Amino acid sequence: ATSARMRWIIVTFLVVFAVYQVAMPLRCNMYPGGALWNGHGYRYSWRMKLNNQECEFTTFAYHNVTQEWFEVPSDWFLTERQYQKSISKPEFLLQHAHLVSKTFAVDKVPSEVYSLAICRSNYREIQNFVDSTVNLANENVWDWPAKWVVPQKPLTKAQKKQFPWNGLFETLSNGPKYLVPSLIKEQAELEKSKIEFTNNATIKWMEWFVTEKFNGNKQLAKKKYRETPTDQIKQKLQHTKFQINTW
């Protein structure tokens, strides 16, 4: 009886373990959007090394009390490695935004935080990664999936034809140079397209921000902008860096 019970326990454990190993990687299909883009269910989903994501983000803080606003350079809070890990992970971006908001609180009122994040995934067109009009300080890290992550644009028919396997037989017969011209073109235009998109996205966000926070008064917005942090901000920043270094 004891031997039969032990076999039942072992079999049950193996079945549960097998179901877990299969179900967990498939959970990403339960979330909207693609896991390679928004990271929802990406971890432990058998998708490692399948994604090449090039991203960057700029953070702005706004004091609702004083109406002062300024850019928050990433190196104020993040190391280079932390920045690279954060730019394409919604939960990391949000944690960074919450830290910025708490650090630059005025009269115990957290500052608003907006992020201009752009990404290019697997040689697709550059697009916004985050809704830049959303105050990330008000978003909950545990709200999943993140509604403030912009959905990835679907591929066009012309783009789908550029999949490597569509030219597989031509590549095998003509050699690897078959795909080189298109790749060279992509690499050459990448930096130019990224700069153009970033500039346009920044201008668009600035127009929204001035309209939303200053009723379209550009002179007041310029007056309230701080290119360099004030002494009060510097003191908070130094204290925060000390806390980070002691983690």
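This briefing covers the fold, surface, confidence and nonpolar cores of one protein model. The model is predicted: local features need pLDDT of at least 70, side-chain atom pairs count only at pLDDT 80 or more, and totals for chains, interfaces and linings use all residues. Residues are numbered from 1 along each chain as its sequence is written, and side-chain values use heavy atoms, with hydrogens and water left out.

**Secondary structure**

- The protein has nine helices and four strands; helices (H or I, at least four residues) and strands (E, at least two) are DSSP runs, numbered from the N terminus.
- Along the sequence the pattern reads α-α-β-β-α-α-β-β-α-α-α-α-α.
- A "transmembrane region" annotation from an unreviewed UniProt entry covers residues 6-23; UniProt positions are given in the numbering used here, feature names are shortened, and annotations may be inferred rather than shown by experiment.
- In the model, residues 6-23 are 100% helix and 0% strand, and the end C-alpha atoms of the span lie 26 Å apart.

**Burial, surface and contacts**

- Of the 247 residues, 33% count as buried, meaning under 20% relative accessible area with a 1.4 Å probe, protein chains only.
- Contacts (heavy atoms within 4.5 Å) between residues at least 6 apart in sequence join residues at least 24 apart in 63% of cases.

**Confidence**

- Mean pLDDT (the predictor's confidence in each residue, from 0 to 100) is 77 for the protein, and 77% of its residues reach 70 or more.
- The pLDDT is below 50 over residues 168-184, a stretch with six contacts beyond near neighbours in sequence.
- Residues 239-247 also have pLDDT below 50, with seven contacts beyond near neighbours in sequence.
- Where pLDDT is low, the predicted coordinates should not be read in detail.

**Nonpolar cores**

- A nonpolar core is a set of buried Ala, Val, Leu, Ile, Met, Phe, Trp, Tyr and Cys residues joined through side-chain atoms within 4.5 Å.
- The largest core holds 26 residues, and V72, F104, F129 and W148 touch the most other members.
- Two or more residues of this core come from each of β1 (53-62), β2 (69-72), α4 (90-103) and β3 (112-121), and α4 gives the largest share, four residues.
- Another core, of ten residues, lies apart from it and includes W69, F209, F214 and A221.
- Beyond its neighbours within four places in sequence, V72 contacts T59, A61, F77, V100 and F104.

Definitions and conventions:
Buried means under 20% relative accessible area, exposed over 50%, partly exposed in between (1.4 Å probe, protein chains only).
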